[in-house]
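Work through the exercises below with the sequence and the coordinates open. Each task is followed by a solution in steps.

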Amino acid sequence: MLKKVFLPLLLILLAYVLVNNPDFKQIAAGISVLLFGMIALENGFKAFAEGPLKNLLKRVTNKFYKSMGLGIAATAVLQSSSLISVITISFISAGLLDLTGGIGVIFGANIGTTATAWMVAVFGLKIQISEFAMPMLVIGIILVFQNKQSYKGLGNILAGLGFFFLGIHFMKEGFDAFEGSIALDQYALSGFVGLVVYVFLGLVATVILQSSSASMAIILTALAASHITYFNALALAIGANVGTTITAIIGAAASNTAGRRVAGAHLVFNVVTGFLALVFLVPLSWLVDIVSSTVNIASNDYTLKLAAFHTLFNTLGVLVMYPFVSPLERMLVKRIKDKVDKDIAKPKFISDAALMYPQAAIGALIKETQHLFDNTFELISHSLSLHRSDIQSDKKLEEVLKGPGYKGKINIDEVYFQKVKTIYSAIIEFATLAQQVPLSANEVRLIYHIKEANRHFVEVIKDLKDLQPNMQKYLESDNEAMRVEYDHFRKRISKIVREILRTQDFHSAMDLPKKEVKSAFQAHIQIHAEKFRKEKSKLKAHEKQFNQKLDELIRERKISNMMASSLMNDSATVASISKNLIKAGELLYIQTDILLFDSLQEIAVETESLDDSEVKISDRSHSKGDKN
């Protein structure tokens, strides 16, 4: 309600000021053009960053210094610490990045964002950059209208840079004209109170603009026109640095616990760094003077000195906070906890934040599906009166079946409601929402495969409900023939579950060098696709063998007619469970892995229809005739 009233009033007031003050009109137009340029720049880099971003994050965030370096480089290139923060929260929410790596990226982003200040101070204010802006705009707009995605991305980058520098030019001219009508430097505030006021103004400006880079561009332009004092500009820069955390906090509001933790780390770092910079502002300004004289920055070149200050206090902030990364992580884990209903399992990886980027959304879906399978695996093993650890072990299944097994009673309906239903519903809803954003053909197929795999897991649970009563009854029966047949059922299902679990092991190979990943992937696909194919072919053989065995048991009067009826029905149920498990395994760990690698352009793959588990693999680099 407040927003509906406030926004129209703000627009009316803004229109009045723009009509009655031509000089302010030019400044406001410059700010608008600059912000539009930053949006175009961000969209342009997204076209190049989004595809390989997942792979890059996994490879260079295993060490804190690497993740910090990534944050510095990515923010310096993308010109948006807010974007990097939101991407980081998205990937942490999806389980593609751990908290330590996320904190490193956030720390690095605060240093990387200072590149904007240098770009504005060096290029935007020292040379007539508008002369370069026009060719960038012309070429950029032409490229934006091309069909090829890479051309569109490059066009957005060039147009974004053009609008960015054109906006600085308009602001600079507007501030210069403003000097004739009103001297803003008359309103400069001295002392600690003045610093606090300007810190607050910098924070508010960044919250409104949603970009500390845009705030810094405005501050530098106003400083160059002498509308604010140097020390007030330093305070504004500190406020802008703190204000940029608001974007991360907003992004984390739709995230899961992991995402909220990294947003908390961002807030703590920026607030602590800003507080220290404010308290030690005078010593820091002295240090800036020393550094400036060392690198030949003139003592009265306040724009370059402000850029140096911005870099210096963010770098010192990282140095101060670095020893406290582990305590900070522990504090965040302790303070920001999952809202857990002890009786109902909740999704761990999917969240609104993960929907922002296809790579994060797909990664979250895969992780959440594995989470659902873990709970399904519990239902399967306990329904078969087996321990999960025994199925996961390397013991021969014959030995496992002879063991004591799981003796507890399990209510499948109750456990399904507690540990599967909520997660499954969330996965289907999330997958549907993910399909509404622009996706490549591979990404559409990936999401379809993941949805289908989940459906097959749920079908398994429905069949288990039918199988369980007789399974418990006849495993404890005095009739040895029935015990043997139900042990065969347990073995068939356990073998397929074990195979699905083993296919998961391949994902650790993603950290291998590129050539080893490719060969490991090829071996993985060939071996496990063949095993799933054999299991499918065995289903028909089992059916034939079972019919022969059933006839034999009836002829020899080892089982009653009622027992025979139970065996026939349960054999069909076991076949259905087996088919659904095999299909889910193929979709999730064969077809999906193929598409993931194909989307990364590591290798080319060709798959048969979903009903055919045979897979052909061909190496792109040998596509002219030499095939693996």
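**Exercise 1. The chain as a whole**

Task: State what kind of model this is, count the helices and strands, and give the share of residues that count as buried.

Solution. The model is predicted. Its secondary structure comes to 24 helices and 2 strands. The chain has 628 residues, and 51% of them count as buried. The accessible surface is about 30,000 Å², with 60% of that area belonging to carbon and sulfur atoms. For contacts between residues at least 6 apart in sequence, 79% join residues at least 24 apart.

**Exercise 2. Helix 11 against helix 14**

Task: Classify the crossing of helix 11 and helix 14 from the angle between their axes.

Solution. Helix 11 spans residues 230-243, and its axis comes within 12 Å of that of helix 14, crossing at roughly 110°. Angles of 65 to 115 degrees count as roughly perpendicular, so helix 11 and helix 14 are roughly perpendicular to each other. On the helix 11 side the contact is made by Tyr230, Phe231, Leu234 and Ile238, and on the helix 14 side by Leu281, Ser285 and Val288.

Task: Decide whether glycine 239 is buried or exposed, and find its contacts beyond its sequence neighbours.

Solution. Glycine 239 is placed in helix 11. Its relative accessible area is 0%, so glycine 239 is buried. Leaving aside neighbours within four places in sequence, glycine 239 is in contact with Val199, Gly202 and Leu203. Phenylalanine 200 is 39 residues from glycine 239 in sequence, yet their C-alpha atoms are 5.8 Å apart.

**Exercise 3. A nonpolar patch**

Task: Which residues form the nonpolar patch on the surface, and which element gives the largest share?

Solution. The patch consists of Leu287, Ile290, Val291, Val295, Leu316 and Leu319, which together have about 490 Å² of accessible area. Two elements give two or more residues each: helix 14 (281-294) and helix 15 (302-321). Helix 14 has the largest share, with 3 residues. Valine 295 is found in the loop between helix 14 and helix 15.

Task: Describe the backbone and exposure of asparagine 296.

Solution. Asparagine 296 lies in the loop between helix 14 and helix 15. Its phi is near 65°, a positive value in a residue other than glycine. With a relative accessible area of 73%, asparagine 296 is exposed.

**Exercise 4. Salt bridges**

Task: How many salt bridges does a search of the whole structure find? Compare the exposure of the partners in the pairs below.

Solution. The search finds 15 salt bridges.

- Step 1: aspartate 394 and arginine 502 form a salt bridge, with the closest N and O atoms 4.0 Å apart. This pair links distant parts of the chain, 108 residues apart: aspartate 394 is in the loop between helix 18 (388-392) and helix 19 (397-402), while arginine 502 is in helix 22 (residues 480-503). Aspartate 394 is exposed because its relative accessibility is 71%; arginine 502, at 35%, is partly exposed.
- Step 2: lysine 536 and glutamate 586 meet through their side chains in a salt bridge of 3.8 Å, N to O. The two sit 50 residues apart, lysine 536 in helix 23 (residues 514-555) and glutamate 586 in helix 24 (residues 561-599). Lysine 536 is partly exposed at 26%, whereas glutamate 586 is buried at 3%. Elsewhere, salt bridges that share partners join Glu378, Arg388 and Lys419 into one network.
- Step 3: aspartate 390 and lysine 395 form a salt bridge of 3.3 Å, N to O. Aspartate 390 has a relative accessible area of 15% and is therefore buried; lysine 395, with 42%, is partly exposed.

**Exercise 5. Two further residues**

Task: Is histidine 371 buried or exposed, and what does histidine 371 contact?

Solution. Histidine 371 lies in helix 17 (residues 358-383). Buried means under 20% relative accessible area, and histidine 371 has 10%, so histidine 371 is buried. Apart from neighbours within four places in sequence, histidine 371 is in contact with Lys346, Lys348, Phe349 and Ile423.

Task: Where is arginine 557, and is arginine 557 buried or exposed?

Solution. Arginine 557 is in the loop between helix 23 and helix 24. Its phi is near 55°, which is positive in a residue other than glycine. The relative accessible area of arginine 557 is 77%, so arginine 557 is exposed.

Key. Residues are numbered from 1 along each chain as its sequence is written. This is a predicted model: local features need pLDDT of at least 70, side-chain atom pairs count only at pLDDT 80 or more; totals for chains, interfaces and linings use all residues. Side-chain values use heavy atoms; hydrogens and water are left out. Patches are made of residues with over 30% relative accessible area and no salt bridge: like charges are joined within 9 Å, nonpolar side chains (Val, Leu, Ile, Met, Phe, Trp, Tyr) within 5 Å. Accessible areas come from the Shrake-Rupley method with a 1.4 Å probe; for residues, only the protein chains shown count as cover. Helices (H or I, at least four residues) and strands (E, at least two) are DSSP runs, numbered from the N terminus. Buried means under 20% relative accessible area, exposed over 50%, partly exposed in between (1.4 Å probe, protein chains only). Contact means heavy atoms within 4.5 Å. Axes are lines fitted to C-alpha atoms, for helices over the stretch in contact, and angles run from 0 to 180 degrees between N-to-C directions. Angles under 35 degrees count as roughly parallel, over 145 as roughly antiparallel, 65 to 115 as roughly perpendicular and the rest as oblique.
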